Amino acid sequence: MVPLENYLVLSAIIFSLGVYGVLARRNAILILMSIELMLNAVSLNFIAFAAYLDPTKITGAIFAVFVITVAAAEVGLALAIVIRLFRNRATSNVDEAAIMKW
Amino acid sequence: MATEVLWWIFAAAIVVLSAGVVFSRSIIHSAIFLIGSLAGVGAMYIFLQMEFLALVQFLIYGGAVTVLILLALMLTRPDAPGHRQSLNGAQMPFALLVAAGLLVVLFAVITDTTWPGADIDALSEVPLTLVSERLFADFGAPFVIASALLLVALIGAIILARQEEGE
């Protein structure tokens, strides 16, 4: 029987790696992948808490379903923006798309 | 006991693959590591007795989302052959600092807290009918709103990515 802490620590490691990826990387698609990692860590946390602490076992799972839905919408939209950015400026690096930066 | 050994193997694989996503030199390799990492988290859902969510994870993340990401990578060739540009921005050391700090804080908090439920021997299975009952009865309105959100977002994505006249 694996204790709850193990899941939480695993999820914290994945989340921190995602934070590093979002902050350090230049490529927009890599940043998106790191965001996926972070969302997954959160889902894992939700489900671990649901399985261990929730007597009905299900509310956390419902949360995870919604996280997955919103993540799918976000990926579709973000990749459309990246493709549009690449077509207009021939780059997918976020630091080269600084036209709105004051 | 066997389950625990298996759990540690999967956890180590997930950590290694997730590190591969953010530290890999090639973006295509990152995407392939991402598939493995997401599948590993799906395996974790099976350890937690949530078979339905594991299935959703394999189908939507392992299948649809990563294929979408790979497709976008192919369409926006990041590194032209011959010249390799830097993958990290100048802020990379600070990112490392922030991520390491966050990990240390989270680890300290998790280990310091005494979590209830440490005395359960085995997790009970969650029947699929229970998931559907809760999802469609109690969470019916959020479910409909989420599907509308998905529809609107994907139509918006099509409009954004469409080739316009005169381009």
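## Burial of A:Y7 and B:W7

In this predicted model, A:Y7 and B:W7 are both buried. The structure holds eight aromatic pairs over all chains. In the pair formed by A:Y7 and B:W7, the ring centres lie 5.3 Å apart and the planes stand at 80 degrees, so the arrangement is edge-to-face; planes over 60 degrees apart fall in that class.

This pair joins two chains, because A:Y7 belongs to helix 1 (residues 4–24) of chain A, whereas B:W7 belongs to helix 1 (residues 2–23) of chain B. Both residues also take part in a cluster, in which ring pairs link A:Y7, A:Y52, B:W7 and B:W8.

## An aromatic pair within chain B

A further edge-to-face pair is made by B:F10 and B:F47: their ring centres are 5.8 Å apart and their planes are at 75 degrees. B:F10 is part of helix 1 of chain B and B:F47 is part of helix 2 (residues 27–47) of chain B, so the pair ties together parts that are 37 residues apart in sequence.

B:F47, with a relative accessible area of 17%, is buried, because the class requires a value under 20%.

## Extent of the interface between chains B and A

The size of an interface is often given as the accessible area lost when the parts come together. Between chain B and chain A, the buried area is about 7000 Å², and carbon and sulfur atoms give 76% of this area. Within chain B, the residues that lose the most area to chain A are B:V22, B:L48 and B:Y61, which together account for 9% of what that side buries. In terms of contacts, 85 residues of chain B meet 69 residues of chain A.

## Composition and polar features of the interface

Across the interface of chain B and chain A, 10 residue pairs are in polar contact, with both residues at pLDDT 80 or more. Zero salt bridges are found across this interface.

Several helices of chain B each supply at least two residues to the side that touches chain A: helix 1, helix 2, helix 3 (51–75), helix 4 (92–112), helix 5 (128–138) and helix 6 (140–161). Helix 3 of chain B gives the most to this side, with 12 residues. By residue class, the side of chain B that touches chain A divides into 62 nonpolar, 16 polar and seven charged residues.

Terms used:
Residues numbered from 1 in each chain as written. Chains lettered and ligands numbered in written order. Predicted model: local features only at pLDDT ≥ 70, side-chain atom pairs only at ≥ 80, totals over all residues. Heavy atoms only, no water. Phe/Tyr/Trp six-rings, centres within 6.5 Å; stacked < 30°, edge-to-face > 60°. Helix = DSSP H or I, 4+ residues; strand = E, 2+ residues; numbered from the N terminus. Buried < 20%, exposed > 50% of the residue type's maximum accessible area, 1.4 Å probe, protein only. Contact = heavy atoms within 4.5 Å. Buried area = accessible area lost by both parts, 1.4 Å probe. Salt bridge = Lys/Arg side-chain N within 4 Å of Asp/Glu carboxyl O. Polar contact = N/O pair within 3.5 Å; in protein donor to acceptor, adjacent residues only side chain to side chain. Nonpolar A, V, L, I, M, F, W, Y, C, P; charged D, E, K, R; others polar.
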